[in-house]
Amino acid sequence: MKKFFEKIVEGALLLSGSVSSFVILLIVVFLFKEAAGLFNSPAVEEGYVLAVNSTNPVDTLSPEEIMDIFDGELTNWKELKGEDEEILLFRFSDLTSYFPKEELGEEFEFVADRISELVAREPGIIAFFPKQYLAPIFDGKVLPERKIKLTDFFGGTKWYLTSTPSPIFGLIPLFWER
């Protein structure tokens, strides 16, 4: 009877371990399946641009740097190998803080020109706004659209899907908590 009971317990443990391993494998497959769509998608929200003053020597920013700027953790361009200039954040929702509604136009037809003027006059600015408001002759520098890379995913140390303007998809925090 004891041997029979041991065999039942042994079988239950084997079954439990197999089911657990299978579930973990399914979770990993699900993560990689979901992540596959991320690669080669833009690091900045689709349909938006990031722009800086044309004199700013910073040409590219990683998704983590963008998040740190917009979260207020990076406040000076010097921290990003730029000039010793305070970073001025501009989000599209800030537009009426800089310009009266009359200057934007009755149907917002002058918005693109006003954003271009603002970026040109503020040396420390980083502007995040819809691509549709990028003036045909823009007086700033649009940062290139960077794609999410495999190294961002596998080597990333942060996981913030809702970070704006640049979501972060680093795999490391999913396995190890800091």
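1. The buried set is V111, A112, R114, I115, S116, L118 and V119, where buried means under 20% relative accessible area, exposed is over 50%, and partly exposed is in between (1.4 Å probe, protein chains only). Helices (H or I, at least four residues) and strands (E, at least two) are DSSP runs, numbered from the N terminus.

2. Before going on, keep in mind that this is a predicted model: local features need pLDDT of at least 70, side-chain atom pairs count only at pLDDT 80 or more, and totals for chains, interfaces and linings use all residues. Residues are numbered from 1 along each chain as its sequence is written, and side-chain values use heavy atoms, with hydrogens and water left out.

3. Leaving aside neighbours within four places in sequence, S116 is in contact (heavy atoms within 4.5 Å) with A135, I137, F138 and D139.

4. How many salt bridges are there by the rule used here? The count comes to 2, taking a salt bridge as a side-chain nitrogen of Lys or Arg within 4 Å of a carboxyl oxygen of Asp or Glu. In one of them, the side chains of D59 and K141 meet at 2.9 Å, N to O. D59 lies in the loop between β1 (48-53) and α2, and K141 in strand β4 (residues 140-142), so this pair ties together parts that are 82 residues apart in sequence. D59 is partly exposed, at a relative accessible area of 46%.

5. The E117 and R114 side chains also form a salt bridge, at 2.7 Å from N to O. These two are 3 residues apart in helix α5, so about one helical turn separates them.

6. On the surface, L15, V19, V23 and I27 form a nonpolar patch, with about 360 Å² of accessible area together. Patches are made of residues with over 30% relative accessible area and no salt bridge; like charges are joined within 9 Å, and nonpolar side chains (Val, Leu, Ile, Met, Phe, Trp, Tyr) within 5 Å. V23 sits in helix α1 (residues 2-36) and is partly exposed, with a relative accessible area of 40%.

7. There is a negative patch too, formed by E83, D84, E85 and E86. Asp and Glu count as negative and Lys and Arg as positive, while His and the chain ends are not counted; the place of a charge is NZ of Lys, CZ of Arg, CG of Asp or CD of Glu. D84 is in the loop between α2 (63-70) and β2 (88-91), and at 56% relative accessibility D84 counts as exposed.

8. Now the chain as a whole. Its secondary structure comes to 7 helices and 6 strands, running α-β-α-β-α-α-α-β-β-α-β-β-α from the N terminus on. Of the 178 residues, 36% are buried. Among contacts with a separation of 6 or more, 55% come from residues 24 or more positions apart. The accessible surface is about 11500 Å², with 59% of it belonging to carbon and sulfur atoms; areas come from the Shrake-Rupley method with a 1.4 Å probe, and for residues only the protein chains shown count as cover.
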